[in-house]
Structures are given as C-alpha cells and as structure tokens.
Amino acid sequence: MLVFLSLLSGVASASTPDLKQIELFQSLPKAQQQKLLESQGLSRDLLNPIAPEQSELEPVKDTVQPLSFDKEKGLEDSAWQSKSEGFDETSLKLKRFGSELFAGKPTTFAPVNDIPVPTDYVLGPGDQLKVQLFGAKNHVYELVIDRNGQVNFPEIGPVNLAGLSFSEAKVALSKRVENLGMGVNASITMGNLRSFRIFVMGESRTPGSYLVSGMATMTHALYVSGGISDIGTYRNIQLKRKGRLIASLDLYDLLVKGDSQDDVRLQPGDTVFIPTAGSLISLRGEVSRPGIYELKNESRLESLLALAGGLKATAYKKDVLVTRIAKNGLANVKSIDLSTKQGMRSLLHNGDEIDVKRVSEDLNNAIDVVGEVTHPGTYSWSEGLSLGRLLNGYRDFKRQADLGYQIILRQKQIGSAYEVITTDWSKIHQGRHEDVLLWPQDQIFILNRDDSDLRREFIDLVLEKLQQQATKENVSNVVSVSGMVRFPGSYPLGKADRIQDLIRAAGGLREQAMLNGTDLVRYEVAEGEKREVERIHFNLDLAMQGDSQNNFLLQPFDQLSIKQVSDWSDAAQQVTIKGEVRYPGTFTVSPGETLASVIERAGGFTEWAAPENTVFTREQLKVQEERELAQLAIELEKNLLLAARRDAGIMEKDTGPAMIAMGQALIDKIKQTPAIGRLVVGFDPDKSKRYASTMAVEMRDGDVLYVPKRSDEVVIMGEVSRTISVIHEEGKRATEYIAMSGGLSKRADASSIYVVHGDGAIDRLELGWFSTDEHLKILPGDTIVVPMDVESINPIITWTNVSKILANFAVSAATLKTIGVFD
C-alpha cells in the first residue's frame with residue numbers, strides 16, 4: 001500500500017501518470033482504487049489513459065493550399081495562378097483530396113470500451129476479462145492481465161493469456177473452469193481494454209507519442225494526432241513494429257472505395273510513419289471532386305478522373321487545359337481533347353494543373369420565346385422550323401397577346417450585328433402572309449396588346465441591343481411614331497418594314513386619327529457633312545390599304561406623325577347637371593354651346609329650385625386652384641420660418657411656441673383643403689347684365705352644374721358666441737343675425753365681417769360711426785362670417801392674411817353645405 005501511495009503522490013505532483021503507474025493501479029480491486037484516490041484527493045479522470053500531449057485536442061482545420069512550383073524552392077504552399085481565363089480567383093483555391101477527413105476531431109480522447117471485440121483481438125497486459133460462473137457455483141470475476149501476461153483466477157490460480165487471441169483465451173479459461181467440478185459453467189467476455197502507447201511520426205500535424213485504446217487502428221492514430229500535414233502523403237502511410245514494416249495504408253482506398261482492409265490494428269510500441277507526398281496534380285473545374293490529388297499507380301488522365309469521380313455533365317471535353325512546368329522552369333499550356341481515347345490516356349507529370357471548363361450556356365440549337373405566350377422559355381430548333389409551326393394555334397398565346405405584331409431578334413453569327421424581323425402571326429395562321437423561317441438562337445418577342453408598360457419593356461430590350469451595336473457604318477435601325485396611335489414611341493425597324501408595319505407596331509390607329517394629310521420626317525446626311533430633313537406627305541388611308549406608293553419602305557430615324565381629326569375632342573365634350581332641373585344627367589355638348597342651351601335641354605328649373613344659389617364647377621379652375629393652394633402653402637412656410645427667426649429674441653416663452661404651432665396648423669390646413677374650382681354665376685333675372693353673362697357661358701368638357709333646392713337658412717359662424725343656423729326672415733339685418741348668435745367674441749375683428757351669398761359672391765359688412773348694415777340684404781342660403789383678429793393676439797407675427805384665406809375656405813365649404821350641395 002505504501003508503494004501505491006508513493007506512486008500516487010507522484011501522480012499528484014506530475015501532470016499525468018505514466019503507463020506503468022496506470023497498469024499497476026488498474027491491477028488493484030476497484031474498492032482499493034477508490035480508497036487510494038480519495039486519500040490523495042485525486043480524481044479517477046487523472047488516471048484515464050489520455051495522451052499527455054493530447055489531453056485537450058483542439059480540432060485541426062486543414063489549410064492545405066494548391067501547390068505551385070518554384071524552380072529554386074521546389075513545391076511549396078501557394079495558390080495556383082491560372083494560365084487560362086474564365087475562372088474566379090476564389091475558385092482557384094483547391095484543397096488536398098482527403099483533407100476533410102481530419103477537418104474536425106473530438107476535443108478529448110477517451111478509450112473505447114463499449115464496442116464488440118473481435119475474436120482475433122490479441123490480449124496483452126492491462127486487458128480485462130469478465131468471467132461469470134454459474135451452475136453449481138455462482139460468482140463473477142474481473143480478471144486483469146498483469147505485466148507477466150497472467151490473470152490470477154481464484155480457485156484456479158494464474159493463467160497465461162498474453163499473446164493469445166480473445167477466442168483462444170476463452171478456450172483456455174473454459175478448460176480450467178472444467179477442473180472446478182461437474183455442473184460449473186463459465187461465460188467469458190471482455191471488460192475494459194488496455195491502453196498503450198504508440199508513436200505517430202513523419203509528416204503528421206502533431207507528431208509524438210499517444211495513448212490509444214487496444215482497438216485503435218492506423219486511421220485512429222492519424223485522427224488523434226491531428227491528421228496529415230500539407231506535404232505528407234495520403235497514399236503510403238506505414239505501420240512499423242520493432243523497426244520492421246508491417247503494413248502500408250492508402251487512404252484513397254478508404255475515401256474512394258470505402259475499403260478499410262489495410263487499416264491494421266495497432267499494438268503497443270507501434271509507429272505510424274507518414275512519408276512526404278509523391279506526385280501532386282491539381283484538378284479543377286467541371287469534375288465531381290475538384291482538388292489536389294496525389295498519384296500512386298495512376299499515370300494517365302483517365303485514372304486521375306476516376307479518382308475525382310469523373311467529369312460532370314457540364315464539362316467541355318474538347319478543350320481541357322493542362323499547365324505543366326517545363327525543365328527550364330517555365331509554364332507551358334496544352335489543350336487536350338477528352339472526347340478522344342488518346343486524350344483520356346494522356347500522361348501526367350508531377351505539378352500538372354488541369355482545368356476542365358464548363359460548356360457554353362449559349363445553346364446553338366435553341367430559340368427563346370418570351371412575352372404573352374402560354375409556355376415561354378427555350379425551345380429546340382430544327383431545320384425548317386418556322387414561326388407558324390412553333391406557335392401553331394391560338395392556345396399557344398395568352399389572351400392579352402398581340403397576334404398582329406411580333407418581333408424576332410436575330411444574330412446569324414457570333415459577333416455579327418443583330419437584325420430585326422417583324423411579322424403578323426394572325427395573317428400567317430390564316431394563310432395570308434408568308435411564314436417566317438427561324439434560325440438558331442432567335443429571340444421571339446410576343447407583345448401585350450393592352451398594357452403599354454409590359455409592351456414597352458420588351459421593345460426597349462430590342463432597341464437597347466440595336467443602339468449598342470450602332471456605328472457609323474451600321475446605323476441604329478430605329479423609327480418612331482407619334483400622335484393618334486395606341487402606343488406612340490420608338491420601335492425597331494425590320495429590313496422590310498413599311499408604313500403599315502409601323503402602325504401595327506404602335507398597336508394600330510386610334511379612332512380619332514386623320515387618314516389623309518399625314519407627314520413623315522426623314523433624316524439624311526448629305527455628303528457626310530450635313531443632316532438634311534425631308535418631309536414626305538402621303539395618304540395614310542391608302543397606305544393602310546396596302547397601296548405601294550403610300551405604303552413605302554421605312555428608313556432608320558424616320559418619324560411618323562399621325563394627326564387628329566379636327567374638332568374631335570370638342571365634339572366629345574360632356575357636362576353634368578344635377579339637382580333641381582327636370583331632366584338631370586350628363587349631356588354631350590357641341591363646340592360653342594352655352595349654359596342657357598344646356599339648361600333648356602335639361603327642361604329648365606323645377607318649382608323647388610333656388611337658381612340664385614347654383615354652384616358651377618370647372619375642372620380647369622380646380623386644377624388652377626390646387627396649384628395656387630400648393631404655392632400658398634410653400635410661401636406661408638417660408639414666412640413662418642423667417643418670422644420665427646426675426647422675432648425669436650422678443651417672443652414670450654409661453655406664447656411664442658404656441659403661435660408657431662398655430663401657424664403650422666394653419667399651413668397644414670391649407671394643404672388638406674380640397675380645391676373646388678367654383679365659377680361664380682348669377683341666375684337672378686333682376687340683375688340683367690350678370691344674368692346675361694351667365695347664360696352666355698360656353699360649356700367645356702367636365703363642367704358640373706348643381707341647382708340646389710330653396711333654402712330657408714342663414715348661417716352665422718366665426719368669432720361669435722356660438723355658430724348657429726337660423727330661419728331667414730325677410731328684411732332682417734346682418735347685425736341682428738349676429739346678435740341671435742350671442743354677439744361677437746373678444747377675439748372678433750368687427751371691421752372685417754363679410755357675407756357669403758349662396759351664389760358665391762361676397763359682400764363686406766362695414767360697421768362704424770358713418771356706416772350701417774342697412775344696405776346689405778341677407779338672402780336665404782347666405783353665410784355671415786366673423787373673422788378672428790389675429791394681430792390683437794400677437795402683433796409681432798401677422799397672421800391676418802392667413803386667417804382670412806382659411807376662413808374663406810371654411811366658408812366656401814360651409815356655404816355649399818348650407819345650400820344643400822354637400823350632405
């Protein structure tokens with residue numbers, strides 16, 4: 001016991017026990033083992049067979065880079081510099097084939113004790129066997145082979161087992177058990193396996209000695225030692241035992257074939273030796289497993305490709321580049337055709353770089369169909385294929401397809417100029433137009449007949465191609481059309497296109513197009529110095545009928561202008577009359593027709609109508625009013641900022657921010673106020689001049705006339721005690737109506753009171769020492785407005801104009817509501 005204590009005290013002071021100490025400790029019964037550990041304050045983990053150098057193995061990342069050759073230094077790590085084009089720099093960085101095998105390792109190594117032990121496993125000191133006796137005797141023994149190769153079997157004595165296979169040991173123990181008497185049977189199994197030290201030397205990432213399990217093999221030793229270094233071999237890993245070569249392991253057999261028969265089990269004292277690599281070949285591109293391969297018996301390209309899993313389907317076999325370092329130290333590039341047997345049997349040299357390119361994505365025997373077709377995409381081309389055969393029925397098109405105009409973009413040879421062919425599928429389908437034969441790589445564009453944006457998208461793609469290739473000798477084949485066509489703009493010019501074709505390209509003529517007196521502008525460069533303009537006048541009606549003199553050939557840069565029939569837009573003007581007329585509705589008016597005529601056509605006013613309060617709105621005025629409101633908001637924002645800066649020093653702390661906030665609120669109100677576009681009219685016969693002017697107003701497209709019912713209300717609003725609506729009383733004055741609303745408030749501006757009449761006219765109420773309101777007649781539907789005296793609140797910032805403007809907007813809306821225009 002003292003011996004063990006001294007050993008364990010040495011363990012406590014050292015980092016890790018050696019193999020002899022562990023074997024001696026494991027030969028003790030478990031109870032004694034635990035007692036010794038507790039007395040020394042040690043953990044059982046300290047005595048686990050972990051390699052001193054590898055108690056914490058961090059995963060080793062393989063940083064192998066492709067090898068390049070230097071004349072003086074030989075092979076060393078660096079990225080290959082490609083001698084060919086078409087490779088991205090990042091794709092050139094290759095790894096050694098098989099390096100991923102050691103890319104990740106467990107952080108600790110523990111002995112393997114829970115896997116089945118093969119019968120040919122050779123026992124040695126430290127191995128444990130479990131013997132269970134049953135029958136006449138029942139007992140369980142855990143027998144550990146000591147350094148003498150024996151186990152101490154109670155009731156039997158020592159038994160030599162070291163050097164025997166597991167199956168042989170079972171037979172030997174079973175025979176000894178038979179001596180215990182009749183009826184005694186034994187079940188013999190393996191317990192904990194021994195741990196022993198082996199060495200990993202040569203081109204290992206972390207060479208040294210390691211404690212491994214009794215079941216460890218050569219690959220296990222490589223794994224726990226971090227794998228193979230950048231210059232180590234994967235093809236000839238050697239197992240040496242007492243100086244003799246026992247076995248050689250080719251990791252490619254394991255990686256490529258899954259063959260592990262050469263992965264020999266290790267024994268104590270074995271050395272796994274990793275020599276330097278042999279011939280290295282760099283293989284990149286369209287192969288199944290690109291990487292740097294080490295050659296062993298492979299001398300030809302076909303055997304290398306077999307290791308790499310073969311060529312991909314996308315590999316271009318006819319031009320495989322091989323870069324080789326010549327004897328003079330310079331790199332030479334050679335092209336190999338792998339579609340031939342001779343090419344596949346090409347000999348390999350150390351340091352070769354092999355690049356397998358990808359086949360071109362351009363399909364030589366295909367055509368593309370895009371746009372409004374049922375199945376857009378790539379189609380196979382064959383000799384004699386035509387547009388009518390490719391798209392042979394209406395079911396091949398979407399409902400929005402333009403069947404009367406298609407564009408075919410063609411490039412006959414690589415590098416040649418694009419040309420445009422335009423055609424009419426509907427006439428081809430009906431047999432009234434010659435079919436168009438297709439060429440390989442033709443691009444067919446089927447346009448949308450309704451959506452101008454989708455239509456223009458494909459046309460612009462074609463125009464971009466034509467404009468990019470334009471030169472002095474090869475001008476851009478582009479023409480344009482404007483005016484009364486469905487889709488004005490620029491279009492590609494086919495070499496046989498005429499006026500009729502350009503009209504089809506633009507979606508056809510609009511209904512208001514003028515068919516005679518059409519002009520075409522043609523540009524020509526005279527004597528290479530001056531661009532001259534020629535105007536060609538022709539009959540569009542005859543051109544659309546196919547007359548050759550009018551339906552002439554187009555030239556690049558031609559500009560066709562289709563005019564509108566005179567007075568077309570005026571003839572289609574419509575106005576709306578709502579409210580109290582006999583026949584309200586929408587009326588088509590002729591040019592010059594007046595308001596009096598429209599009212600007469602509407603049957604005149606009803607007996608409940610209030611013509612004096614009629615509201616007349618016009619789209620043109622609405623647009624103008626919106627523009628003025630937007631400009632007003634911009635100007636007021638500028639004035640607000642200037643006033644705030646100018647008066648910042650003298651503003652009161654409480655009122656200043658409040659006034660700024662009020663000003664901003666007023667500006668926001670202006671931005672939110674809708675434009676009405678009201679034109680003030682007068683239908684009062686007593687005011688003859690105004691009445692005559694109103695009836696003589698010429699109607700315009702979009703005019704709206706609203707004739708409200710008679711109103712009995714008068715509205716008093718603004719700075720009064722309470723905004724109210726009261727019944728109109730004949731002869732009652734404005735001041736009396738104001739008194740009915742509770743009178744003026746303290747903030748009222750008594751000098752600026754005004755009345756908005758139902759017809760939109762405004763009268764100012766002037767009150768003072770020498771003026772009264774007797775002259776101002778209040779009518780049904782009128783609105784009396786008392787504005788705020790803003791200057792009395794804050795004389796520093798003048799908001800009077802702003803408040804009046806906003807009041808006018810509010811009054812306009814309130815007036816329209818008063819007379820019944822708005823609900």
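**Figure 1. How much of the chain is buried.** Of the 823 residues in this chain, buried ones make up 41%. What you're looking at is a predicted model, with 21 helices and 37 strands. If you take the contacts with a separation of 6 or more, 64% of them come from residues 24 or more positions apart.

**Figure 2. Inside the largest nonpolar core.** Nonpolar side chains tend to be buried together in soluble globular proteins. Here, the largest nonpolar core has 41 residues, and the ones touching the most other members are Ile237, Leu266, Leu283, Leu304 and Ile354. There's also a second, separate core of 35 residues, with Ile407, Phe458, Leu463 and Phe552 among them. Back in the largest core, zoom in on Leu266: setting aside neighbours within four places in sequence, its contacts include Phe196, Ile198, Met218, Leu239 and Val272.

Figure 3. Asp352 pairs up with Arg324 in a salt bridge, and their closest N and O atoms sit 2.7 Å apart. The two are 28 residues apart and link distant parts of the chain: Asp352 is in the loop between α8 and β17, while Arg324 belongs to strand β15. Asp352 counts as buried because its relative accessibility is 0%, whereas Arg324, at 26%, is partly exposed.

Figure 4. Arg456 and Asp460 join their side chains in a salt bridge of 3.4 Å, N to O. They're four residues apart in this helix, so about one helical turn separates them. Arg456 is partly exposed at 21% relative accessibility, and so is Asp460 at 36%.

**Figure 5. Ser165, tucked into a loop.** You'll find Ser165 in the loop between β6 and α4. Is Ser165 buried or exposed? With 11% relative accessibility, Ser165 counts as buried. Its side chain makes a polar contact of 3.1 Å with the side chain of Ser167. Beyond its neighbours within four places in sequence, Ser165 is in contact with Thr119, Asp120, Tyr121, Val122 and Leu123.

**Figure 6. A nonpolar patch on the surface.** Which residues form this patch? They are Leu101, Leu255 and Val256, and together they have about 180 Å² of accessible area. Val256 is part of helix α6, which covers residues 251–257, and is partly exposed, with a relative accessible area of 31%.

Conventions
Residues are numbered from 1 along each chain as its sequence is written. This is a predicted model: local features need pLDDT of at least 70, side-chain atom pairs count only at pLDDT 80 or more; totals for chains, interfaces and linings use all residues. Side-chain values use heavy atoms; hydrogens and water are left out. Patches are made of residues with over 30% relative accessible area and no salt bridge: like charges are joined within 9 Å, nonpolar side chains (Val, Leu, Ile, Met, Phe, Trp, Tyr) within 5 Å. Accessible areas come from the Shrake-Rupley method with a 1.4 Å probe; for residues, only the protein chains shown count as cover. A salt bridge is a side-chain nitrogen of Lys or Arg within 4 Å of a carboxyl oxygen of Asp or Glu. Buried means under 20% relative accessible area, exposed over 50%, partly exposed in between (1.4 Å probe, protein chains only). A nonpolar core is a set of buried Ala, Val, Leu, Ile, Met, Phe, Trp, Tyr and Cys residues joined through side-chain atoms within 4.5 Å. Contact means heavy atoms within 4.5 Å. A polar contact is a pair of N or O atoms within 3.5 Å; within protein, one must be able to donate a hydrogen and the other to accept it, and residues adjacent in sequence count only if both atoms are side-chain atoms.
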